[in-house]
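Work through the exercises below with the sequence and the model open. Try each task before reading its solution.

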Amino acid sequence: MAFAIDEINRNSKLLPNVTLGYSIYDNCLTIGVGFRGALSMASGQGDQFLLDNNCTAPPPVLGIVGDSSSTHSIAISAVLGLYRVPMVSYFATCSCLSDRQRFPSFFRTIPSDAFQVRAMLQILKRFGWTWVGLLISDDDYGLHAARSLQSDLAQSGGGCLAYLEVLPWSNDTAELRRIVNVMKKSTARVVIGFTHESQMINVMEEVVKQNVTGLQWIASEAWTAATGLQTPDLIPYLGGTLGIAIRRGEIPGLRDFLLRIHPDTDPYSNYKNNIVRQFWEYTFQCRFSPPPAEWLDTGGALCTGQEDLESLATTFLDMSDLRPEYNVYKAVYALAYALDDMLQCVPGRGPFSGHSCASLQKLQPWQLLYYLERISFTTAFGDQVSFDENGDALPIYDVMNWRWLPDGSTMVQNVGVVKKSASTGEELTLDEDRIFWNFEPKKPPQSVCSESCPPGTRIARRKGEPVCCFDCIPCSEGQISNETDSMECISCPEDFWSSPQRDHCIPKTIEFLSYHEPLGICLTTASLLGTLICTIVLGVFIYHRSTPMVRANNSELSFQLLLSLKLCFLCSLLFIGHPRLWTCQLRHAAFGISFVLCVSCILVKTMVVLAVFKASKPGGGASLKWFGAVQQRGTVLVLTSIQAAICTAWLVSSSPAPHKNTQYHSDKIVYECAIGSTVGFAVLLGYIGFLAIVSFLLAFFARKLPDNFNEAKLITFSMLIFCAVWVAFIPAYINSPGKYADAVEVFAILASTFGLLVALFGQKCYIILLRPERNTKKAVMGRSTSKKSTFYQ
């Protein structure tokens with residue numbers, strides 16, 4: 001402080017024609033002493049000043065630099081704030097001092113603990129430490145830091161406190177033993193110490209007694225550079241400590257200023273309580289005259305005042321690690337720049353009432369406070385100094401690391417910096433390659449309550465435990481989590497399904513009755529085989545169309561029946577392959593019309609058989625006139641047209657369409673044809689069933705009619721197969737999911753069609769091809785009758 005004021009007084013550009021003075025009070029580490037000293041300075045009741053001849057008024061107190069303690073600063077600033085006396089602290093870090101309502105005139109050149117806490121959180125986040133212990137001092141410094149740390153941890157979700165212990169001020173062995181036992185039993189490997197050097201020494205002595213190793217310490221700025229903890233006994237436990245330290249600065253010229261200190265040049269040398277003389281005696285281990293008698297009796301030396309301070313190895317002249325000193329330097333300059341800005345005020349353009357300016361002779365503390373809130377300057381070291389709306393300086397901290405050297409000594413090295421940026425918030429810069437880790441291997445330890453949940457799982461909180469303690473639950477089918485520590489699993493889109501690892505969505509398997517799968521290949525082969533057989537049979541019948549076997553019982557209907565059977569085989573192909581709109585619309589229409597055409601032909605054939613036998617009886621010839629060739633064709637056409645009308649109405653009102661069904665299988669998309677209207681499909685099948693039942697009943701009644709070759713028996717048998725297949729089809733179709741429903745329908749079509757083909761044409765082909773001797777009119781008719789001539793067409 002003395003150097004800064006001396007430098008300012010010699011600076012012609014800063015406060016020209018103004019000389020600053022100072023008065024220093026020792027608070028003796030007691031709040032009462034510090035409080036009285038501050039009030040003495042502020043009230044002008046302190047030591048008398050030596051004034052120059054041209055001074056016409058008592059020198060005003062511009063402000064107070066201090067106190068170093070947060071507790072002291074809270075008490076002092078609460079009173080000084082009533083009178084708006086500026087107070088600039090260089091070491092009080094309690095975040096509570098940022099409350100402008102309680103402390104309107106408090107400023108500081110050291111960052112608030114709120115920022116120090118956020119800096120520590122940045123370190124925790126960098127190394128993934130989410131489970132930490134916290135030791136605090138039993139004062140405003142520790143208690144407010146704990147409150148801030150808990151609040152920030154809860155807001156950020158970046159970790160949890162495994163325990164929080166308040167260290168006693170005294171060396172309470174029982175309490176310290178209890179605290180260290182808590183640390184020993186905890187699974188937290190990282191411990192934050194927001195406390196003072198003396199308390200840390202006490203707790204570390206107990207740590208050594210219980211041999212609690214494997215802890216990673218994080219130090220607050222209060223003990224980061226504490227030499228009392230860097231001893232050979234403690235460093236095996238504290239080695240690798242990461243600490244938050246006040247920003248180091250450089251003060252050019254300070255060493256030369258200190259070397260000029262001499263007891264003879266001290267203006268207060270006549271004071272009994274002379275700090276310079278005390279320093280001199282302590283440094284050179286001598287006493288000024290007259291010394292105490294006991295000093296001479298023990299052979300002590302007398303101080304001459306000519307001792308060489310520069311030749312002595314002392315930390316007093318070490319300028320390499322100026323931290324609190326640099327903050328004092330900035331605090332003095334802040335008050336000086338505020339005064340300089342005030343003196344440059346132009347009358348009539350000032351900030352006070354009537355645009356007036358403040359005068360040095362009548363300076364009021366609140367007037368200087370106005371300018372102090374707005375100062376902004378850059379130190380010779382390159383650091384910018386200004387205060388925010390809470391009186392806090394631009395926050396910046398060094399990150400220190402305790403390196404345990406091979407010779408057993410300790411080196412506290414700078415490994416990074418934490419600063420606040422207006423654009424990105426808190427920024428942590430670390431040189432991790434330089435960090436010494438007191439573990440094997442030389443890597444950061446892990447400190448988590450629960451391992452992170454990998455993708456594919458979600459966090460499940462443990463009841464009654466901190467949020468950092470959880471279990472990892474695999475995502476359910478159809479859900480994924482693609483991030484670490486996901487709180488919830490998200491459902492895949494409708495057309496996607498979860499991968500086996502549940503960490504990403506994959507397209508669902510598309511399922512339909514395909515031509516490329518074994519089932520589709522078998523059904524397609526059976527359909528084509530049936531079509532080929534129909535074609536062959538049709539060719540045989542055309543080739544042998546003049547033979548009695550072919551001409552018997554209406555050869556034209558046989559040709560139509562073979563053609564309809566061929567269509568039935570071919571329509572089954574529409575049920576195989578990827579469903580499309582046109583195949584969905586055509587498949588059931590083609591199926592319905594083909595089968596009605598087929599059953600209509602069988603029905604007409606049955607009716608013809610009955611009419612022929614009825615005509616063979618006396619008086620029954622008139623019945624044949626209603627079953628001529630034209631009537632037969634017309635009957636088939638009318639019956640088929642009814643089915644065509646049913647299909648048309650169905651397609652127009654509620655047309656079948658392709659549908660992606662996800663109800664059968666969660667991990668598959670079943671492409672199927674939605675029938676659109678259940679009523680339409682039921683009417684279509686009902687009409688086919690109605691014709692089939694009528695044909696079956698007529699054929700059944702005609703099965704015992706006398707004849708060597710009565711086709712009614714074959715029709716009865718074929719209709720029995722047809723009805724059995726389709727009666728079995730209905731429950732099988734309803735209970736078959738997805739592509740198997742189509743397979744059941746194709747199977748029913750093929751089975752019934754093959755049944756009709758074999759039952760109606762198998763015996764005829766056998767006789768035509770293998771037993772030609774039975775393919776004669778005599779063999780077919782069985783007996784001679786004129787009425788039988790009507791069998792031939």
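**Exercise 1. Find the cis bond at glycine 66 and place its partner.**

Solution. The partner is aspartate 67, and omega of this cis bond is about -10 degrees. Now the place: aspartate 67 belongs to the loop between strand 1 (64-65) and helix 3 (70-80). For background, most peptide bonds are trans.

**Exercise 2. Is leucine 29 buried or exposed? Is aspartate 485 buried, partly exposed or exposed?**

Solution. Begin with the backbone. Leucine 29 is not a glycine, yet its phi is positive, near 60 degrees. Aspartate 485, also not a glycine, has a positive phi of about 60 degrees. In general, most residues other than glycine have a negative phi.

Then find the loops. Leucine 29 lies between helix 1 (2-9) and helix 2 (31-43). Aspartate 485 lies between strand 18 (479-480) and strand 19 (490-491).

Finish with accessibility. Leucine 29 has a relative accessible area of 80%, so it is exposed. Aspartate 485 has 30%, so it is partly exposed.

**Exercise 3. Which residues does isoleucine 251 contact beyond its neighbours within four places in sequence?**

Solution. First, the setting: isoleucine 251 is in the loop between strand 8 (242-246) and helix 9 (254-259). Its relative accessibility is 8%; buried means under 20%, so isoleucine 251 is buried. The contacts are Phe3, Leu322, Glu325, Tyr326 and Tyr329. Methionine 319 is 68 residues away in sequence, and its C-alpha is 8.0 Å from that of isoleucine 251.

**Exercise 4. What radius of gyration does the protein chain have, and what would a compact globule of 793 residues have?**

Solution. The chain has 53 Å; the globule would have a radius near 28 Å. Check the extents: the C-alpha trace spans about 170 × 70 × 40 Å along its principal axes. Then count elements: 22 helices and 24 strands. Of the 793 residues, 47% count as buried.

**Exercise 5. Where is the pLDDT below 50?**

Solution. Take the whole chain first. Its mean pLDDT is 85, and 90% of its residues reach 70 or more. The stretch below 50 is residues 783-793. Beyond near neighbours in sequence, this stretch has 21 contacts in the model. Where pLDDT is low, predicted coordinates should not be read in detail.

Key: Residues are numbered from 1 along each chain as its sequence is written. This is a predicted model: local features need pLDDT of at least 70, side-chain atom pairs count only at pLDDT 80 or more; totals for chains, interfaces and linings use all residues. Side-chain values use heavy atoms; hydrogens and water are left out. pLDDT is the predictor's confidence in each residue, from 0 to 100. Contact means heavy atoms within 4.5 Å. Helices (H or I, at least four residues) and strands (E, at least two) are DSSP runs, numbered from the N terminus. Buried means under 20% relative accessible area, exposed over 50%, partly exposed in between (1.4 Å probe, protein chains only). The radius of gyration is taken over C-alpha atoms; the globule rule is 2.2 Å times the number of residues to the power 0.38.
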